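Please examine the structure shown below. This briefing describes how its chains are divided and where the parts touch.

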Amino acid sequence: MVSLKELKNGFFISLWFVFLTFPIVVIKADPIQRTVIWRWHNALYMAIGTFCVYLLFKYFQYRKEHQVNRNDDQEQTVSLIHRILQKPLQRNIFIGVIAAFAVVFPHLFSTYQTNVMTTALMYVVLGLGLNIVVGLAGLLDLGFVAFYAVGAYTYALLNLNFGLGFWQILPLGGLIAASFGLLLGFPVLRLRGDYLAIVTLGFGEIIRLILENWGEFTQGPSGISNISRPGFFGMEFSLEQSILYTYYLMILLVIVTIFVVNRLQDSRLGRAWIALREDEIACQAMGIDKRKTKLVAFSLGAFWAGIVGVMFAAKTTFVNPASFTFLESAIILSIVVLGGMGSIIGVVLGALILILMPEYLRALSEYRMLAFGGILVCMMIFRPQGLFANIRRTYKFEKQPTAILPEK
Amino acid sequence: MKQPILDVTGLTMDFGGIRALNSLDLDVHSGEIVALIGPNGAGKTTFFNCITGIYMPTAGDILLTPADGSKKISIKGLKPNQVTEKGLARTFQNIRLFPKMTVLENVMIGRHCRSKAFIFGAILRTAATRREEQDILEMSYSILEKVGLAQFANEFADNLPYGAQRRLEIARALATEPLLLLLDEPAAGMNPQETMELDQLIKQISDEGQAILLIEHDMQLVMSLSDRIFVMDYGKKIAQGTPTEIRKNPTVIKAYLGEEVDA
């Protein structure tokens with residue numbers, strides 16, 4: 001399986017890595033003793049480690065190539081979760097179990113865990129929002145966090161200045177974020193791919209910098225504190241009850257989002273988005289208004305980010321520009337890419353994995369970003385379609401053209 | 001005489017200093033198959049791109065007569081999607097399907113401009129939206145049956161064999177219910193068997209009253225299908241007429257084969 005040539009290759013790669021990492025892992029200067037310690041054993045570990053990783057890499061590559069040759073039929077590539085979701089009985093059981101777990105979760109685990117889960121759920125909605133823009137319409141948006149920030153600051157500022165409550169602002173935050181989506185959409189209508197990514201990246205930074213520097217309006221880097229938590233018909237909550245309440249609100253929001261995004265995806269509009277992603281020119285030639293379709297994608301995606309922004313401000317009761325850096329955009333994008341572009345179940349699981357994993361692997365927190373990067377690189381090589389690739393809706397036809405049964 | 005469906009007059013297109021189309025006149029009547037032929041680089045595809053709104057022509061006018069026979073409308077300067085809405089649907093020389101959508105969905109996209117459900121319709125899934133969606137499905141499926149692709153309905157478009165992809169492009173264009181169907185080299189790269197099937201398909205569509213304008217290099221196909229032929233060279237129309245007339249036309253022979261040199 002492993003040829004001599006590959007072994008030789010691996011050997012040289014290891015040597016190259018030892019050379020590259022030499023200054024960091026081998027040389028250690030002791031400034032007190034004024035001596036240099038040469039840790040040669042580290043070079044050996046590095047060489048062995050690199051060699052093993054190389055072999056592992058080759059092995060997976062080999063397996064992947066082999067798999068493609070072995071089963072060309074589509075059945076095999078449909079993942080387990082999709083097979084479960086295809087059968088109504090299994091699907092209902094599956095949804096029932098998830099729902100039951102979601103309901104009892106805060107009673108089984110500590111307040112801290114509930115809080116973490118609420119955050120993860122917020123990223124689920126963010127991921128689903130970005131999924132409309134990136135996964136369905138194929139518009140690479142690197143500044144998605146801007147809309148999240150708009151939502152959060154809408155609540156923070158209106159609450160601070162006018163004392164408006166959570167429920168009044170929740171839809172408003174979404175709408176204002178959506179209008180920012182339009183604002184971004186107009187200038188980038190003609191752009192695609194890399195150029196679009198750069199402009200959206202810039203847009204994200206512009207919003208953050210405005211929040212940071214427009215002191216009189218946004219209170220600058222020090223942020224806005226003492227934002228009201230979500231209320232429930234004027235009832236007062238203790239801190240713990242409030243966390244519980246926010247958690248259930250988030251669950252509700254996730255359900256609503258999944259419902260809406262699912263319907264959008266299977267609609268005339270959803271098809272137009274996917275067509276736009278697949279081939280812009282053909283899409284126009286088939287009578288789809290490119291401008292309208294793109295703008296709707298941008299603003300609908302932004303709408304969800306705005307809603308989550310309001311939730312975020314209400315949950316943490318404090319917002320400042322540091323919460324809305326490019327890293328956030330990158331994480332949301334990773335959720336979509338890792339989960340599988342255009343796939344709802346993929347995005348949900350992607351968000352849970354990416355947000356919960358670092359929380360439960362605190363011990364490895366130093367290597368967090370390293371692991372994060374490594375996982376993404378591996379994903380791109382071995383599973384570019386994401387964990388759960390989207391499968392298109394299929395339709396079953398009976399003999400008579402009148403009886404066309406949509407089948408999920 | 002009846003009004004032509006498509007009436008192009010004096011169409012001119014400049015790319016910088018190059019005149020790709022020079023004052024071209026062309027008309028297509030209902031139920032007709034008209035072919036546009038010419039050597040490579042004659043400007044045939046540029047002509048298609050001009051009338052479908054991908055390029056903005058420098059001069060000239062493009063008039064379309066709506067199905068109800070009312071006054072002609074100019075479609076010059078409209079966006080490609082508006083042109084399609086007005087009733088011109090095209091296929092592409094190099095296939096441009098939506099590869100990661102199913103065959104059926106590809107055709108359903110063609111119905112886009114003839115339906116109108118939008119955000120709220122999609123989310124609320126009202127009775128009207130459901131009915132519309134059902135209509136789209138049925139119509140798309142019947143078109144697939146017509147072009148003989150019904151058994152592939154749930155396949156991804158890029159898994160289809162080449163000839164079937166070409167036919168899917170035609171199906172997708174038909175789904176927009178065009179007044180005039182524009183086919184840009186539909187037989188390019190096809191084997192003789194596939195070309196023969198295509199010939200039958202185009203005849204069948206034409207028999208249903210569909211007007212067709214096609215660009216094609218396969219002369220056998222052109223001669224067997226067309227009612228009239230326009231010949232272009234260097235952006236100009238050099239001849240027009242029935243297939244028999246064109247076959248004998250000395251200018252056309254010169255453009256294709258070059259001039260005879262006396263020894």
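Domain bounds come from an automatic or database domain assignment. This is a predicted model, in which local features need pLDDT of at least 70 and side-chain atom pairs count only at pLDDT 80 or more, whereas totals for chains, interfaces and linings use all residues. Residues are numbered from 1 along each chain as its sequence is written, while chains are lettered from A and ligands numbered from 1 in the order in which they are written.

**Domains**
- Chain A comprises domain 1 (4–68) and domain 2 (83–394), and the C-alpha centres of these two domains of chain A are 39 Å apart.
- Chain B comprises domain 1 (1–87 + 178–263) and domain 2 (98–177), with 27 Å between the C-alpha centres of these two domains of chain B.

**Between chain A and chain B**
- Contact (C-beta atoms, placed from the backbone, within 7 Å) joins 28 residues of chain A to 36 residues of chain B.
- On the side of chain A that touches chain B, α10 (239–265), α11 (268–278), α12 (280–285), α13 (290–316) and β3 (394–397) of chain A each supply at least two residues; helices (H or I, at least four residues) and strands (E, at least two) are DSSP runs, numbered from the N terminus.
- α11(A) gives the most to this side of chain A, namely seven residues.

**Within chain B**
- In chain B, 13 residues of domain 1 are in contact with eleven residues of domain 2.
- On the side of domain 1 of chain B that touches domain 2 of chain B, two or more residues come from each of α2 (80–86), β7 (180–184) and α7 (192–207) of chain B.
- α7(B) provides the largest share of that side, four residues.

How values were computed: Contact = placed C-beta atoms within 7 Å.
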